Amino acid sequence: MKSTRYNRRQFLHVGGAVVAGCTAPIIRKRAPKIVIIGGGVGGLSVLRQLADDGRGAFDITLIEPKRIYTTCFYSNLYVGGLRDLASIQFGYDALGALPGVRMVHDTATAIDADARQVLLRDGTRLPYDRLVVSPGIDVDYDSVPGWSQAAAQRMPHAWQSGAQTERLTEQLALVPDGGLVVVIAPPNPYRCPPGPYERVSMMAHALTARGRSRARIVVIDPKESFSKQPLFQQGWERHYPGMIEWLPPMIHDGVRRVDVETMTVETGFETYRNCDLVNVIPRQVAGAIARHAGLTDAGGYCPIDAATMKSQHHAEIFVLGDAAIAGDMPKSAYAANSQANIVAQVIRQELRDEGAVTPSYRNRCWSLVDESDSVFVGGTYEPAAGKIAQVESEISTLDDSAAVRLTNYGDSAAWYLGLTSTLFG
Ligand code: FAD
């Protein structure tokens, strides 16, 4: 596989037509108001697409409560001891220099779609011509019996990056040689399909590197199979023989209960007591604002129009990233960035009469199995039969050479650097 290089232009024009300079912009009395909820990958990618030409053609307000964004992508490398925390953390200061952009560090608490306004926690109402909703996921604390938000201090999820990831990494450092780690994997659909298995790989890497290769990692999975399964299992046998035990539902019969006091995980067949670390990765749903605004369906995610990423409920509201039901596309940072290109094209077309919309999407997800052994899965997608459908796919092979796997790692690092510098630089 040829090495791929990523530059700023690719992150800004991945999805299709180049948007600026195609036709003369419509002259309006005021710049159209764009409000973006969520300063993660989806929200920031739209912002950059609309603001980076420096013309201030849009009046953009970004709402994000956090001052520092810790990327979930590459957070497993921090867990594995291959990156430090600072290297996956980014601030929003650079956005202040962009013409037409205003950053509001607050939480959006409601959307008044009839009045086209977003309500903030501090009571402010922000009017919009178009609203972009990219709040990511919430973890469902009720989905694992015995577990709760308080229990997540002792049995972290680390599926929203930051303090939780630090906690998990600190607890991993205390696992002794011969210790027991239990990872409870999530049901579909969830953020980053290969993520739990990359996490397991990076836990095994960290334990091995610290001379604790007699530790055991048990993965209790509600799914019959998982993303890149043969590639992960080959890597586990190759790099960490005998350390990782993956259990599908027929082997454990479901998680009955967890108990943080005794660090116990009880399944239908076996009870794991005195665990040294329990990583509960639970069921997930779209971020609260999307649910409270009535943008979600019964499954907890937001139905969208496959050609525009517009909410199926409101023509002026776009939903993208992990909160959206994006058909065959996985919930990934790469996918959110690709969807943002379509959102920005549609906004430019509708409000400035600029460019054409080419609804084509891409994804590629790399996973690190060991320090220099990276595998990927990816594809291209188009609207078809009412959903975003996969039209091409790609995946690493079991007989890739070590050199190919190392090149993959280089590609993933280039992608990470390119994306984070495009969004935060
Ligand atoms: P986020 O990036 O989470 O951004 C949402 C933002 O919205 C947050 O900053 C939040 O504070 C804000 N927000 C929420 N509610 C409100 C509100 N009411 N008001 C204002 N702001 C709000 N993807 C990849 O492509 N490659 C990988 O290798 C990869 N690895 C991963 C590894 C792990 C362990 C995990 C957990 C995920 C990984 N991902 C990866 C997935 C990737 O992180 C997500 O898919 C991506 O961040 C989704 O972007 P988003 O904009 O939907 O959500």
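Which side chain does R405 meet in a salt bridge? I looked it up: R405 pairs with D400, at 3.4 Å from N to O. By "salt bridge" I mean a side-chain nitrogen of Lys or Arg within 4 Å of a carboxyl oxygen of Asp or Glu. Both R405 and D400 are buried (under 20% relative accessible area; exposed is over 50%, partly exposed in between, with a 1.4 Å probe and protein chains only).

**Ground rules.** I'm working on a predicted model, where local features need pLDDT of at least 70, side-chain atom pairs count only at pLDDT 80 or more, and totals for chains, interfaces and linings use all residues. Residues are numbered from 1 along each chain as its sequence is written, and side-chain values use heavy atoms, with hydrogens and water left out.

**Charged pairs.** I searched the whole structure and got 22 salt bridges. Next I picked E350 and R130, whose side chains meet at 2.9 Å, N to O. E350 sits in helix α9 (residues 333-352) and R130 in strand β9 (residues 130-133), so this pair ties together parts 220 residues apart in sequence. Helices (H or I, at least four residues) and strands (E, at least two) are DSSP runs, numbered from the N terminus. I checked accessibility too: E350 is partly exposed at 32%, while R130 is buried at 12%.

Then I looked at K387 and D328, which meet in a salt bridge at 2.7 Å, N to O. K387 is in strand β24 (residues 387-395) and D328 in the loop between β21 (324-325) and α9, so the pair links parts 59 residues apart in sequence. K387 is partly exposed, at 37% relative accessibility, and D328 is partly exposed as well, at 31%. I also noted one network, in which salt bridges with shared partners join D53, R55, R348 and E354.

**The sheet.** K387's strand, β24, took me to an open sheet of three strands, ordered β22-β23-β24 with antiparallel pairing (two strands pair if DSSP finds at least two bridges between them). The edge strands, pairing on one side only, are β22 (361-370) and β24. From one strand to the next, the twist averages 25 degrees (axes are lines fitted to C-alpha atoms, for helices over the stretch in contact, and angles run from 0 to 180 degrees between N-to-C directions). I found nine bridges between β22 and β23 (residues 373-384); L368 has S374 in β23 as its bridge partner.

**Helices on the sheet.** Helix α6 (residues 229-239) lies across β22, β23 and β24, at about 20 degrees to β22. Helix α10 (residues 402-424) packs on the sheet and touches β22 and β23, making about 60 degrees with β23 (contact means heavy atoms within 4.5 Å).
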